[in-house]
Protein chains: 2
Amino acid sequence: MKKGNTIFFKNTPRILSYAAICGSKEKEGVLGQYADITLQDDMYEESTYEKAECKMLSTAISLALNKSGLEEKGVDVLLSGDLLNQIISASFAARDFTFPFLGLYSACSTMSESILLGATLVDGGYANAAVCATGSHFASAERQYRYPLELGCTRPPQAQWTVTGAGGLVIGKADKGIKIVNGTMGRVCDFGVTDVNNMGAAMAPAAADTIMRHFEDTGTSPEDYDLILTGDLGALGSRILKDLTWEKGFDISANHVDCGEIIYKVIESEFQGGSGAGCSATVLNSYILTKMDAGLYKRILFAATGALLSTVSSGQGESIPCISHAVQLEV
Amino acid sequence: MKKGNTIFFKNTPRILSYAAICGSKEKEGVLGQYADITLQDDMYEESTYEKAECKMLSTAISLALNKSGLEEKGVDVLLSGDLLNQIISASFAARDFTFPFLGLYSACSTMSESILLGATLVDGGYANAAVCATGSHFASAERQYRYPLELGCTRPPQAQWTVTGAGGLVIGKADKGIKIVNGTMGRVCDFGVTDVNNMGAAMAPAAADTIMRHFEDTGTSPEDYDLILTGDLGALGSRILKDLTWEKGFDISANHVDCGEIIYKVIESEFQGGSGAGCSATVLNSYILTKMDAGLYKRILFAATGALLSTVSSGQGESIPCISHAVQLEV
């Protein structure tokens, strides 16, 4: 059931359904065509950014649930977290549902951590159905992690843009649907990066560590995957990841794609792409899984990355510890 | 393997070892005799409260690991979280170890959430050994959630005192040791309490909900337990819990004890007792498990509770959603 840091699922947990909702800026990119709901106004009829973020997450959960055909009583647990202090989006979204809630925090790798744990619970017979979801909001993240939006601060070239959006999926047992084959648990990696605007550089070593351990534990190599999908490394972080893995003998350049790099129409001189827990959550739960269902991708490795810093840790001069959890999905 | 919201463990995951470390104020109470390390100075030779909190957590993990006889490579995963924004104590403590890390957030119910998930991973054969740990620090919590210590604000009578301390345990398979029999997952409960100084009143309904569902799912009743242990309801919250369960036909008054109520020598007119993720973590991983090992308690239900608020949610007028996860332990 387990080799190295990878958990193998013998009883074929499957993705029963998935859904995504995104903001107005995200709509202009690939999500415009694939997300279930695209917002005209990122306030989503709420009075604060935080409440809008929570409502998006709750909506994504409801949408995924409805598509699965399950009722609330058929769901055993919600696995969720988000970027806000004390994961209030997830906790308050969980209030809208009657099933139990296990709160997670893994920054922008929450989507893959929740799938890994959800698949484990279903595989082991501890749950019949588990909902995994996360999201983020540009405006709530900016004011929590960086500066008040009203200041209009200039963004440095290595910066990324926190995605406004949420995505969720339901894991259960079924005869058809995308299979969750295994999951590789991440270790905390810290290469000493202290620039809080350069998340890609901070997180790339964690992605490289997990992806290479995944190859080792599963006996696979890059060409076995139609897609090696990271969460929000951005353009610069993706290059670093390719370099780090290439140095160790794994050439992932042919099939590596980063959700943050494809979510916007990135002009590299402008910024590095999307970030945030909602970045990989929206791209995976709309574009990617739709393409898998259509048979375009047969086997993907989804390795979202998270930067485990806070404004306090950075203010105290700490570097940025990062993590990446990976799950292998197959049609 | 599962009934209602309760997961039953068929392969008898056990607590291989446990350890706790506490601060100078906590030393004056029951922990003085039972904790592995008691600090003279709550700064723990660090330059900030947050670094001291992280060091306590890392120390608790190391101590528990050493007692288990396992080396780092024998551990499959660390399940941990804490109260600080972005769970920096847990994330930075995880940097000290080579095994994978799954970050959790469940406020003061992190200890029971981590045991529930850790036991599930071991029971299902997904991990040979899992370390579960959490902690808190009075000074870092005060300045994050309330006021700068230097202000010397008066505390209202319903307030509790965040425990300075950390506790951890190792779950694995063995022929002896305390058994983890089952675990009941918590649901988010919100009774509309908005007073952020009255955590006991906010959390009591969540504890009542989980404890009563546990009785229902397992077919047990209060008298089947030597101890029904909550985490940090405090004196007032404990009374509310007893009332809420009594109203539904469960009289837990004879064997209910709250870690927050026993950790200090509480004079009720002064304050309501201890709180924080470190409260139940230190009391469980020293006093309680030692007494279980000695045969004083044969069967306990450990139901830690968490208040899932943030300063932002409270500032925006939201009430306090709460949760409680429970695990049943037996000698």
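**Exercise 1.** State whether Tyr225(B) counts as buried or exposed.

*Solution.* The relative accessibility of Tyr225(B) is 2%. A residue is buried under 20% relative accessible area, exposed over 50% and partly exposed in between (1.4 Å probe, protein chains only). Tyr225(B) therefore counts as buried.

*Conventions.* This is a predicted model in which local features need pLDDT of at least 70 and side-chain atom pairs count only at pLDDT 80 or more, whereas totals for chains, interfaces and linings use all residues. Residues are numbered from 1 along each chain as its sequence is written, chains are lettered from A and ligands numbered from 1 in the order in which they are written, and side-chain values use heavy atoms, with hydrogens and water left out.

**Exercise 2.** Find how many aromatic pairs there are over all chains, and describe the pair formed by Tyr34(A) and Tyr287(A).

*Solution.*
1. Rings of Phe, Tyr and Trp (its six-membered ring) pair if their centres lie within 6.5 Å; planes under 30 degrees apart are stacked, over 60 edge-to-face, and the rest tilted.
2. This rule gives ten aromatic pairs over all chains.
3. For Tyr34(A) and Tyr287(A), the centres are 5.0 Å apart and the planes 80 degrees, and the pair is edge-to-face.
4. Tyr34(A) belongs to helix α2 (residues 31–34) and Tyr287(A) to helix α10 (residues 277–293) of chain A, so the pair ties together parts 253 residues apart in sequence. Helices (H or I, at least four residues) and strands (E, at least two) are DSSP runs, numbered from the N terminus.
5. Tyr287(A) counts as buried, at 19% relative accessibility.

**Exercise 3.** Describe the aromatic pair formed by Phe215(B) and Tyr225(B).

*Solution.*
1. The pair is tilted, with 6.1 Å centre to centre and 40 degrees between the planes.
2. Phe215(B) lies in helix α7 (residues 199–218) of chain B and Tyr225(B) in the loop between α7 and β11 (227–230), so parts ten residues apart in sequence are tied together.
3. Phe215(B) is buried at 2% relative accessibility.
4. In chain A, Phe215(A), Tyr225(A) and Phe250(A) form one aromatic cluster.

**Exercise 4.** Explain why helix α6 (residues 138–145) of chain B is largely enclosed by the rest of the structure.

*Solution.*
1. Seven of the eight residues of this helix are buried, so the rest of the structure largely encloses α6(B).
2. Among the buried residues are Phe138(B), Glu142(B) and Tyr145(B).
3. The buried residues of α6(B) pack against α3 (49–68), β7 (129–136), β8 (161–162) and α11 (311–315) of chain B.
4. Glu142(B) has a relative accessible area of 7% and is buried. Its side chain meets that of Arg146(B) in a salt bridge (3.0 Å, N to O); the term denotes a side-chain nitrogen of Lys or Arg within 4 Å of a carboxyl oxygen of Asp or Glu.
5. Arg146(B) is partly exposed, at 27%.

**Exercise 5.** Find where the partners of the salt bridge between Asp36(A) and Lys67(A) lie.

*Solution.*
1. The closest N and O atoms of Asp36(A) and Lys67(A) are 2.6 Å apart.
2. Asp36(A) is in the loop between α2 and β4 (37–38) of chain A and Lys67(A) in helix α3 of chain A, 31 residues apart, which links distant parts of the chain.
3. Asp36(A) is partly exposed at 33% relative accessible area, and Lys67(A) is partly exposed at 44%.

**Exercise 6.** Characterise the interface of chain A and chain B.

*Solution.*
1. In contact (heavy atoms within 4.5 Å) are 57 residues of chain A with 57 residues of chain B.
2. The area buried between the chains is about 4,800 Å², of which carbon and sulfur atoms give 62%. Buried area is the accessible area (1.4 Å probe) that two parts lose on being put together, summed over both.
3. The rule finds six salt bridges across the interface. One salt bridge joins Glu318(A) to Arg95(B), with the closest N and O atoms 3.2 Å apart.
4. On the side of chain A that touches chain B, the elements that supply at least two residues each include α3 (49–68), α5 (110–123) and β15 (322–330) of chain A. The most comes from α5(A), with five residues.
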